[in-house]
Amino acid sequence: MKWKEYCRGVRRGVPVGVGYFSVSFGFGAMAVAQGLKWLDATLISATNLTSAGQFAGLTLIIAGAGLWEMILTQLVINSRYALMSLALSQKMGSRIGVLPRLAIAFFNTDEIFALAMAETQPLTVPFLLGLGLTPFLGWTGGTLLGALAGSALPEMVRVALGVMLYGMFIAIVVPPARQEKPVLVAVALALVLSCLFTWVPGLNRVSAGISIVICTVAAAAVCAWLFPIPDEEVEA
Amino acid sequence: MSIYAYIAAMALTTYLIRVLPLTVFRKPIKSRFVRSFLHYVPYACLTAMTFPAILYSTESVISGLGALIVAVVLAFFGKSLLTVSLASCVTVFLLERIISLI
């Protein structure tokens, strides 16, 4: 029974694992292109399992930022996981103890969360752990291969692979921005702020991590104030 | 600073954000503002990270801009994540070959 549940979780996670593999290949290639060792790039993916946070983290490592700046940036960029973990916790109910929760929390990415929430049967520990298996392997393995290939590939291919993560971010942002006006406003605000922090003299001296934090917090706060989400969406 | 200090800080912060609501603070967030704020965070954050940084991520601003336009158009028409990412890579590769010929 437990084994069957685990396998069911693994099967459900496979499409996400395949997607992660291709994207993290880009992360690995980019990390070595910026001077990281292949092992360190792989270690980042194996311990973090998050795209946006790692990407920002890489920028900060290259820039030689302070540790507090790293922590603050991760807190803001990954704050959404707190909401997802809360929702997942509600759905899991009180049957599941603390120890399995410590493990399940590690795998709570946007996509795994979406799969877990879409489940109509009661969630079990083996299912949730199985769900995380291929995404974890895909994300870490893709980074490893990308990092190894990155040092072998010609410069022009490496440069091209460097936009892969940006492409993924655009693919995540554009469809909801097209459908929901409030998301479009959040995107537009963040865009304008980000340009100001890049091009306006004085403002462009603000470090990369802090400017991402300011753009994110300001745009999200203005939109939360202008367009509060309806109560039903809590469970979504 | 050692890269392992950075990696540890990143991993620990990210894990704590995920694990605390699953173990210690399990009550739903009542504040509508906070829930709305967290709903908009990913979009604002990904946008701020992508633009204008994508313009400076390649050899020339033109190829970065080309990748951006291709990705936005494909994403607008609902193409998959993989299609959009690969198309932006191919765009950069082709544009830079063309630029190097000029």
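How are H1(A) and H3(A) oriented to each other, roughly parallel or roughly antiparallel? H1(A) and H3(A) are roughly parallel (angles under 35 degrees; over 145 is roughly antiparallel). This is a predicted model, in which local features need pLDDT of at least 70 and side-chain atom pairs count only at pLDDT 80 or more. Residues are numbered from 1 along each chain, and chains are lettered from A in the order in which they are written.

The axes of helix H1 (residues 2-33) and helix H3 (residues 51-63) of chain A come within 11 Å and cross at roughly 5°. Helices are DSSP runs (H or I, at least four residues), and axes are lines fitted to C-alpha atoms over the stretch in contact, with angles from 0 to 180 degrees between N-to-C directions. Contact means heavy atoms within 4.5 Å. The table names the residues that meet.

| Helix | Residues in the contact |
|---|---|
| H1(A) | Phe27(A), Met30(A), Ala31(A) |
| H3(A) | Gln54(A), Phe55(A), Leu58(A) |

By class, five residues of this contact are nonpolar, one is polar and none is charged. Nonpolar covers Ala, Val, Leu, Ile, Met, Phe, Trp, Tyr, Cys and Pro; charged covers Asp, Glu, Lys and Arg; the others, Gly among them, are polar.

In chain B, Thr13(B) lies in helix H1 (residues 3-23). Thr13(B) counts as buried because its relative accessibility is 9% (buried is under 20% relative accessible area, with a 1.4 Å probe and protein chains only). Leaving out residues up to four places away in sequence, Thr13(B) touches Ile71(A), Gln74(A) and Leu75(A).

Methods:
Side-chain values use heavy atoms; hydrogens and water are left out. Helices (H or I, at least four residues) and strands (E, at least two) are DSSP runs, numbered from the N terminus. Buried means under 20% relative accessible area, exposed over 50%, partly exposed in between (1.4 Å probe, protein chains only). Angles under 35 degrees count as roughly parallel, over 145 as roughly antiparallel, 65 to 115 as roughly perpendicular and the rest as oblique.
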